[in-house]
Amino acid sequence: MNYPPKHHQDDDINHIIEVIKTYPLATVISVKDNQPLITHLPLIYDNEKLIGHIDIYNPQKELLKDDNDVTLIFGGPQCYISPTVYSTTQLPTWNYIKVHLKGKVKAIESKEALKQSLITMTEFLEAPDHKYILKPDNPRLDKNLNYIEMFEISITHWEGKFKLSQDKKPKDTKLAREELLRANQKSVKAFLDKVF
């Protein structure tokens with residue numbers, strides 16, 4: 001699914017936006033002197049723009065301004081699909097959801113905008129329970145504003161990659177969906193048991 005930002009099919013763009021909202025940790029890629037700089041940052045979608053924050057000591061910070069180009073990757077669930085999952089004869093495959101975006105980035109200099117953005121991002125990430133509320137009068141927040149920079153990305157290119165056994169019979173597509181759910185729940189636990 002490739003779409004320019006103003007001429008897209010609403011359903012497909014809505015699926016892309018759902019990926020961004022559900023899995024907001026982006027791989028942010030900039031290029032300097034033909035070398036990629038890569039940082040992983042949560043980004044919040046707001047009206048065809050993405051808002052983020054970066055530590056002032058991160059070398060990529062210098063590229064997140066001045067309408068520089070930026071490439072973003074968001075990842076959703078993914079897993080191997082064995083032929084044994086299907087009700088018909090199939091070959092092994094891999095199902096996944098990825099979103100690739102390109103955009104122009106500009107720095108937002110206002111400390112007040114930065115502060116409000118951090119509060120808004122925390123509110124979004126704490127949903128739906130909102131167990132923690134970042135308050136404007138939090139002294140730690142004010143103390144750290146000088147170490148964080150805010151940026152805004154205007155999206156220029158949207159690409160959703162939804163490989164979900166759509167080419168199979170409806171029953172097999174449903175079985176692949178069930179395997180995606182099962183495998184992700186199982187693999188996350190098994191991985192965390194090994195490393196954390």
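Helices here are DSSP runs of H or I with at least four residues, numbered from the N terminus. With that in hand, Val188 sits in helix H4, which covers residues 170-195. Keep in mind that this is a predicted model.

- Val188 has a relative accessible area of 45%, so it counts as partly exposed, the class between 20% and 50%.

**Helix H2**
- H2 runs over residues 111-126, 16 residues in total, and spans 22 Å from first C-alpha to last, close to the 22 Å expected at 1.5 Å a residue.
- At the start of H2, Ser110 brings a side-chain oxygen to within 3.3 Å of the backbone nitrogen of Glu112.
- The buried residues of H2 are Leu114, Lys115, Ser117, Leu118, Ile119, Met121 and Thr122.
- What do those buried residues of H2 pack against? Their partners are strands E3 (35-42), E4 (44-45), E5 (49-55) and E8 (148-163), plus helix H3 (139-144).

**Gln60, tucked into a loop**
- You'll find Gln60 in the loop between E5 and strand E6 (68-81).
- Is Gln60 buried or exposed? Its relative accessibility is 1%, and the cut-off for buried is under 20%, so Gln60 is buried.
- Its side chain makes a polar contact with the side chain of Thr39, at 2.4 Å.
- Leaving aside residues up to four places away in sequence, Gln60 touches Val28, Ile29, Ser30, Leu37, Ile38, Thr39 and Ile54.

Technical notes
Residues numbered from 1 in each chain as written. Predicted model: local features only at pLDDT ≥ 70, side-chain atom pairs only at ≥ 80, totals over all residues. Heavy atoms only, no water. Helix = DSSP H or I, 4+ residues; strand = E, 2+ residues; numbered from the N terminus. Buried < 20%, exposed > 50% of the residue type's maximum accessible area, 1.4 Å probe, protein only. Expected span 1.5 Å × (residues − 1). Contact = heavy atoms within 4.5 Å. Polar contact = N/O pair within 3.5 Å; in protein donor to acceptor, adjacent residues only side chain to side chain.
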